[in-house]
Structure formats: structure tokens, C-alpha cells
Amino acid sequence: MQIRDASFLMSNTRVDQCPPPTLPEYAFIGRSNVGKSSLINMLMERKGLAKTSSLPGKTQLINHFLVNKEWYLVDLPGYGYAKVSKDSRVQWGRMINFYLRQRENLSCVFVLIDSRHSAQAVDLEFMEMLGTEGIPFVMVFTKADKQSGSRTHQNVTEYMRKMSESWDEVPRHFVTSAEEKTGRDEVLAFIEDVNRQMAQTEEIV
């Protein structure tokens, strides 16, 4: 997929204020400080499209971007630890859960996981929730350039093993690096393939 155009569209806290659900939508979410903004900017090849910060929990709204005038990319607040109040975390949780369950054109959730760490309970629990709710998702391991390839492989393998304990089929995964642009072609090809499948389904209907 070639990114011809990617632009910020809107931010809000309510699903009913999101753009009309007429295009495929892909949401990006992960623990705070997982490198989400850097990954989005790398995928879109637009520096500063998603705002990066050294402070975890910077993203506090549902942020929509329009890509190639064909699909939406959504930057969601992180889950897990962030230097914000308990009330704010509860509010974010409600907002995210409502969005994930109610957004009718949500094609896939990209769950970002820091490849530097062994399997984290908060990631596994979040993905278990997505599976229980029947929300399609894939796993995206970030920051692969921050340690050796063998260490990345070890941590990814541990996640796969943990997932296989409760999943008949482990969801698809990608290994990425915003710095080295690792995984960019694979992630965009996946989105392009899903968009194509959805278009074919609409034609049949």
C-alpha cells in the first residue's frame, strides 16, 4: 500500500461523535509508552502526525485520521500504567470499551506490545477481552531495534505460548521498529488485504 495522503480528522470522547461509519477503521492501542505515536508516524511516513511525548498517557481522546480518503486510522488512549489520576484512568477505560464494542465499522484492532518485555498480564487480559467480545485484532510488537533479534524472538514466542493456552488459533502478529521501519510493508499490506476483502463482501451483498 502506498500512503498518498494521511491527515488528522478529529478528536472526541464519544462514539456518536466519530466520523460517519462509512469507511473501514483500524484502531491502534497499547500500554502507555509502547511507542504507539512513533509507529503510526512511521506507517504513515508523516512526522508529527500523531503527537509523541516522553510522558506516558499523552493520548487522552479518540483521534481519527483519514488515510488515502479510503480508511480511518484511530489512535486510542493507552491502557495500563500512566501518570494520571485514577478517575481519569476509569474514564478512559469506559470510553475505550464503549468505542471497541459500539463502533460498527471497526475492521481490526492493532494491539501494540513492547517487544522488550516478557509477557505482561495487562496485555494478555486486554486481548482476552477482545476475544470474548468477538472484536478482531492482531498483535504488533514494537521497538524491535532496542534489543537483539534473539531477545525479541524469545519474548514474542512467550506471548504466543501464553496465548495458545486459551486460544484455539493464535491471532496474527507483526514485529516492528519505528526507527528502522521494520514491519511497515507487512502491516500496510494486511490493511490493504482486509480493505479488499470488505469491498468484495459489499459487492456480493
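Is Asp145 buried, partly exposed or exposed? With a relative accessibility of 24%, Asp145 counts as partly exposed, because the buried class requires a value under 20%. Please keep in mind throughout that we are looking at a predicted model.

Strand E3, residues 62–67, and strand E4, residues 71–75, are paired in the antiparallel sense over five bridges. As an example, His64 has Val74 in E4 as its bridge partner.

I now come to the loop between H1 and E3, where we find Leu61. Leu61 is partly exposed, since its relative accessibility is 33%, and that class lies between the limits of 20% and 50%. Setting aside residues up to four places away in sequence, Leu61 touches Ser11, Asn12, Thr13, Asp75, Leu76, Pro77 and Met95. Leu61 also illustrates how the fold brings separate parts of the sequence into view together. Arg14 is 47 residues from Leu61 in sequence, while their C-alpha atoms are 9.0 Å apart in space.

Most residues other than glycine have a negative phi. Lys69, which is not a glycine, has a positive phi of about 55°. Lys69 is located in the loop between E3 and E4, and it counts as exposed because its relative accessibility is 59%. Lys181 is not a glycine either, and its phi is positive at about 60°. This residue sits in the loop between E7 and helix H5 (184–204). Lys181 has a relative accessible area of 47%, so it is classed as partly exposed.

Let us proceed to salt bridges. How many salt bridges are there in the count? The count comes to 13. One of them joins the side chains of Asp75 and Lys36, with an N to O distance of 2.4 Å. Asp75 belongs to strand E4 and Lys36 to helix H1, so this pair links distant parts of the chain, 39 residues apart. Both Asp75 and Lys36 are buried.

A further salt bridge is formed by the side chains of Arg184 and Glu45, at 3.6 Å from N to O. Why does this pair tie together separate parts of the sequence? Arg184 lies in helix H5 and Glu45 in the loop between H1 and E3, so the parts joined are 139 residues apart in sequence. Arg184 counts as buried, at 10% relative accessibility, whereas Glu45 is partly exposed, with a relative accessible area of 44%.

Lys146 is partly exposed, with a relative accessible area of 48%. Elsewhere, salt bridges that share partners join Glu45, Lys181 and Arg184 into one network.

Gln147 is placed in the loop between strand E6 (137–142) and helix H4 (149–164). The side chain of Gln147 makes a polar contact of 3.3 Å with the side chain of Ser115. Apart from neighbours within four places in sequence, Gln147 is in contact with Ser115, Arg116 and Thr152.

Finally, the cysteines. A disulfide is a covalent bond between the sulfur atoms of two cysteines. How many disulfides does a search of the whole structure find? It finds zero. Among the cysteines, Cys18 is buried, with a relative accessible area of 10%, and Cys108 is buried as well, with a value of 4%.

Thank you for your attention.

Conventions: Residues are numbered from 1 along each chain as its sequence is written. This is a predicted model: local features need pLDDT of at least 70, side-chain atom pairs count only at pLDDT 80 or more; totals for chains, interfaces and linings use all residues. Side-chain values use heavy atoms; hydrogens and water are left out. Helices (H or I, at least four residues) and strands (E, at least two) are DSSP runs, numbered from the N terminus. A polar contact is a pair of N or O atoms within 3.5 Å; within protein, one must be able to donate a hydrogen and the other to accept it, and residues adjacent in sequence count only if both atoms are side-chain atoms. Contact means heavy atoms within 4.5 Å. Two strands pair if DSSP finds at least two bridges between them. Buried means under 20% relative accessible area, exposed over 50%, partly exposed in between (1.4 Å probe, protein chains only). A disulfide is a pair of cysteine sulfur atoms within 2.5 Å. A salt bridge is a side-chain nitrogen of Lys or Arg within 4 Å of a carboxyl oxygen of Asp or Glu.
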